[in-house]
Each structure stands twice: as C-alpha cells, then as structure tokens.
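Biologist: I'm new to this one and would like to learn how to read it feature by feature. Could you walk me through it?

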There are 2 protein chains.
Amino acid sequence: MTVTRADVEQAAERIAPFVRHTPVLRADAFDEWADASVYVKAEHLQRGGAFKYRGATNAVQSLSDTAASRGVAAHSSGNHAGALALAASVRGIPAYVVMPVDVAAPKLAAVERAGARITFCENSLEARRAKLAEVLDRTGAQEVHPFDDERVIAGAGTAALELLAEVSELDVIVTPVGGGGLCSGTSISAAPTPVVGAAPLSRATSMADGLRTGLSERTAAILRAHDVETVVVDEPQLVEAMRAVWEHLKQVIEPSAAVAFAAARGRGRVGVIASGGNVDLDALPF
Amino acid sequence: MTVTRADVEQAAERIAPFVRHTPVLRADAFDEWADASVYVKAEHLQRGGAFKYRGATNAVQSLSDTAASRGVAAHSSGNHAGALALAASVRGIPAYVVMPVDVAAPKLAAVERAGARITFCENSLEARRAKLAEVLDRTGAQEVHPFDDERVIAGAGTAALELLAEVSELDVIVTPVGGGGLCSGTSISAAPTPVVGAAPLSRATSMADGLRTGLSERTAAILRAHDVETVVVDEPQLVEAMRAVWEHLKQVIEPSAAVAFAAARGRGRVGVIASGGNVDLDALPF
C-alpha cells in the first residue's frame, strides 16, 4: 500500500477549510541571483509557519470521532510539534507532544500557544521514543509521525498540487529532504514533472536542523518510484541562498528551507516549496 | 487641480502591464501581536522592493514619445531612485539620478543595476537640488519628484485600489507618511474608508530613513481634504513592530514600513500598505 495522487487530491479537499492557500511568489532580483525563473510556493506562510500543518491537519481530520476524542501524539523538537498541536486545537481534541528539554524556545512557545500537553525528555531518539510510548499507552492517543505516515505524506503533497494549478510547465520542483515527507508527497503530486530533493551536506551538524532525520522505508520507496534526484548543499551555499531569499524575495525562511533554494539555481523554470519560516531572529548567520 | 479617484483608476490601467499585482498577506500570530485583523498589501514585493515603482511607472508611461526620449530625472537617496531607474529602463529611456556621495550601498546598486546615469553630489538638500537643476538643463529630461507630483501620487494610490478590491469592509488603512505621496494617494483611493498616516517621532534621527522629508503643499492639502489622521511612533515601537512582522508575517520589511504596522495595533479590521523591503541585512536592529 502506498500513497497515490488520488490520496493527495482527497487530502486537499479534506484540509481546504483549515489550511491557508499560500501565495506563489516571484522576484526578478532573485531570478538573477539564481540564474533561473523561480516560483516560490510560500509554505513558510502556512499556519504555524511551515508546510507541516497540511499533513498534521490531514491526519487529524481523517480520524473518526471516537479515535479523535482520545487525541493525537508525537515526539518532535521542530515544526511538526507545533503543526500537530495547532491541528488538534482546531478540531478541539487533545495533542500530546514529547519534546527534548533543550528544545528551541520559539518552537516550545508555538506548541504551548496551541494548548498541547507537553512531556519533556532527554534529547536522544531512544528517550523520545520511550517517552512517547508511555504517553500513547496512558492516553490511548494516536501517534502522528512527522513523515512516516501516509496521511502526512498525502497532506504534504497538497502544496505542490496548488503550485501546479497556478503555474504551468515547470521544468522541475525542488523541496528540502530530511525524513522525506514533503519530498515524497511532492513527487506524487508533481508526476510527471521531475522532483529534486535537496539535503544538507552534513546532516548532523548543519544549520538546517529540520533535516537531521533520514528517510523511512516508505518515503525512500516513494522517492525511488518517482526517480527523485537528491542534491547535496554545503553550508556556505545554504547561507548564501538563505540570504538571497531574505534580500531579494524579502521572505524570512529557515535554514532547512534554504537548502532547496540553493539547489534550484540554474534549473530553468523551477518551483521551490519554501518549507518553513520559523527562525530565531537572535541567531542569524549574517 | 488635484488628484481624483478617476486619475488613480487611469493610473491603475496604465501601469497594469508593468507592475506586480502584489499579494495580500495575513498571519494569525501577527494578528495576536497586533490585537487586530491585519491585511498586509505586500508592496515590499513590488518590483524594486517598494511601492515607489507604481508612481514612477505611471509618470514614465504618461510621457509623450518625444518627452520620453529625453529621459527622466530625480534626486533621491532612497527607493524612488531605484524605482525611477527601473521604470525608465522598462520604457527604454534614459534615467538621470542625483545621489549623495554617502548613499547606502544597496540603494546605489539597485540604481546601477537598472542602468541609470548617476551624478553624485554632497549630502545636502541644496546640493542635490542644484545638481539636479544642472542635469535637467543639460539633458532636457523631465523631473519626476518622489512625491510632489500628481502622476506619482495617482500611481501610489493604485496599491490601495487593489487591496480594497480583494478585502472588503476594512475599518481603516494605515500607511507610512514622509513626503505624503503614498498616504495621499491611498486616501484618494480608499475614501470613504478612513486612512491613518504613521510617522516616526524624530524624523531627522529615526531608523525610518525613507520618511525624513515633510509634506509638500499638495500632499498636505490632499491629506486635509480626506481627514487623514497622523499618528506618531517612537523608535522602540518601530523596532518591536519590525521584528513582529519579520517573526510572525515572515516578511522582510524596512524600518520606514514598520511604522505603519506599529500604528495599526488595536484598529480592528485594518489594511496596512507594506511600503518597502529594502533593508541592509548587515545592520539589523535585532
């Protein structure tokens, strides 16, 4: 079983009342920098400041009333936590979020603002998984994984669906790739338009902290099935692209989004999914 | 003789093939900060990064072929210079720009990129005026004043026209006010919707360097005729608003634009014209 274009179309219909239909942005000066015609699907302007709200909403709104009443849960130190908390609050159900004690303050604030119940744990994948298992056990909530979940992948794919409805004949669409939820969802929506996944060179240490995870079997299989090319971006390229987006497109994007802009250079008529804009203004690389 | 709504409508038609129809942006988190429902007309995403391109284009495209062939000219150290240079290059006519020797590097770069002929002078209003008079004399070019020009005012008013076509029943529209071109143009388009002009508290020393000029007789008369209220914003309010726009709306706006956001707080269903986004990323106030 895998995710099909029909799943993405159903997701689009399901989430339409809840998500922001984000604009597609352009700037001549940015095109000059990129040596390409770049169409930016502005998912950093999505509710919660990231595309993640699409997948979280699709998962939350797919639940039966009975399942929904027990709530949803995830471990996350990033945008997924805030998105899931927000999606749950919109449906009026509980969200349980497991976060490491050293989570970035803005991410924590977003989750708190949405009214999620937060459990802290040590910052290791094992500790996070163990704590989440406890929470699921105690509450009967349903886990919504940040990317290894068909509802989340289908929801993520709706951004490219909107982009392609607005802009025709793109040569390629570029997305960041970490766990691969956005990239695999995009490849399903975009086919036969080719998709490129952009990843930081040194995952563990890159500024692109949203892309520290690797693919799951599910997302890897989808990327393979759609011949998605992966491109690697080093830190200077990332910082240069981030600055060019701020300066020429006037958009505040986070480092994890910048990798896709770096990989879009010289690619003709190219769509870029700007994945998120949740950045700490006190810790800029320029 | 003054500027009428019909002039703004004609300007809108004249410039439509050249200007970007900028999006209207919203963000829940920003509304929360502002305690208001804020609709942002994103003129910082206009070509050249500021609303100024509307007025400059209206002036340039209004010229007869004979007048146009002699070119256009202005003295400016800010966004008007870049806008006029760009508008002239689109029509394929010369632009002569007088700039002070200590002009900010990004502003100079924008004017150079557009291919304008630059004359430098000392940084005083007298020196700028004298040098411009020389240039006008020598070239036969037509002066396009940054705000004290009916074509420029009518062009500036087209942004509010687009905003109101997209968003109905605004309680008020807020714009920055310096020379008053944008504010007076907006008041003409918006009537009977009230307009508020936001100015920095200390004009000469404020970070809002685009608002250092005062009104002309013409713009003052238009503001009076439309009962435009002027609101004064101090520097801490300006910096707080600028940061809130970057953080919650994810938009890179310049200090001169931020004053309008500061003045929009608590004003109900409010439109804000984001006037420009040309900011030096190496000199942020946060």
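Biologist: Is Glu169(A) buried or exposed?

Modeller: This is a predicted model, so keep in mind that each value here is computed from it. The cut-off for exposed is over 50% relative accessible area. Glu169(A) has 69% relative accessibility, so it counts as exposed. In chain B, Glu169(B) is exposed as well, at 68%.

Biologist: Where does Glu169(A) lie?

Modeller: Look in the loop between H8 and strand E7 (172-176) of chain A. For Glu169(B), go to the loop between helix H8 (150-166) and strand E7 (172-176) of chain B.

Biologist: What should I look for in the backbone there?

Modeller: Start with the general idea: most residues other than glycine have a negative phi. Now the case here: Glu169(A) is not a glycine, yet its phi is positive, about 60 degrees. Glu169(B) also has a positive phi, of about 55 degrees.

Biologist: And which peptide bond is cis in chain A?

Modeller: In chain A, the bond joining Ala191(A) and Pro192(A) is cis, with omega about 10 degrees. You'll find Pro192(A) in the loop between helix H9 (181-190) and strand E8 (195-200) of chain A. Chain B has a cis bond from Ala191(B) to Pro192(B), where omega is near 10 degrees. Pro192(B) sits in the loop between helix H9 (181-190) and strand E8 (195-200) of chain B.

Biologist: Let's turn to helices. How many residues of H8(A) are buried?

Modeller: To count as buried, a residue must have under 20% relative accessible area. In H8(A), 13 of the 17 residues pass, so the helix is mostly covered. For H8(B) the count is twelve of 17, so that helix is largely enclosed by the rest of the structure. The buried residues of H8(B) include Val152(B), Ile153(B), Leu161(B) and Leu163(B).

Biologist: At what angle do H1 and H8 of chain A pack?

Modeller: About 85 degrees, with the axes of H1 (residues 5-15) and H8 (residues 150-166) 8 Å apart. The two helices are therefore roughly perpendicular to each other. On the H1(A) side, the residues that meet H8(A) include Arg5(A), Val8(A) and Ile15(A), while Ala154(A), Thr158(A) and Leu161(A) are among those in H8(A). By class, this contact has six nonpolar, three polar and three charged residues.

Biologist: Which residues touch the most other members of the largest nonpolar core?

Modeller: That core has 82 residues, and Phe30, Trp246 and Phe261 of both chain A and chain B touch the most other members. Take Trp246(B): its contacts include Trp246(A), Val252(A) and Leu281(A), along with Val252(B) and Phe286(B).

How values were computed
Residues are numbered from 1 along each chain as its sequence is written. Chains are lettered from A and ligands numbered from 1 in the order in which they are written. This is a predicted model: local features need pLDDT of at least 70, side-chain atom pairs count only at pLDDT 80 or more; totals for chains, interfaces and linings use all residues. Side-chain values use heavy atoms; hydrogens and water are left out. A nonpolar core is a set of buried Ala, Val, Leu, Ile, Met, Phe, Trp, Tyr and Cys residues joined through side-chain atoms within 4.5 Å. Buried means under 20% relative accessible area, exposed over 50%, partly exposed in between (1.4 Å probe, protein chains only). Contact means heavy atoms within 4.5 Å. Axes are lines fitted to C-alpha atoms, for helices over the stretch in contact, and angles run from 0 to 180 degrees between N-to-C directions. Helices (H or I, at least four residues) and strands (E, at least two) are DSSP runs, numbered from the N terminus. Angles under 35 degrees count as roughly parallel, over 145 as roughly antiparallel, 65 to 115 as roughly perpendicular and the rest as oblique. Ala, Val, Leu, Ile, Met, Phe, Trp, Tyr, Cys and Pro count as nonpolar, Asp, Glu, Lys and Arg as charged, and the others, Gly among them, as polar. Lists of a residue's contacts leave out its neighbours within four places in sequence.
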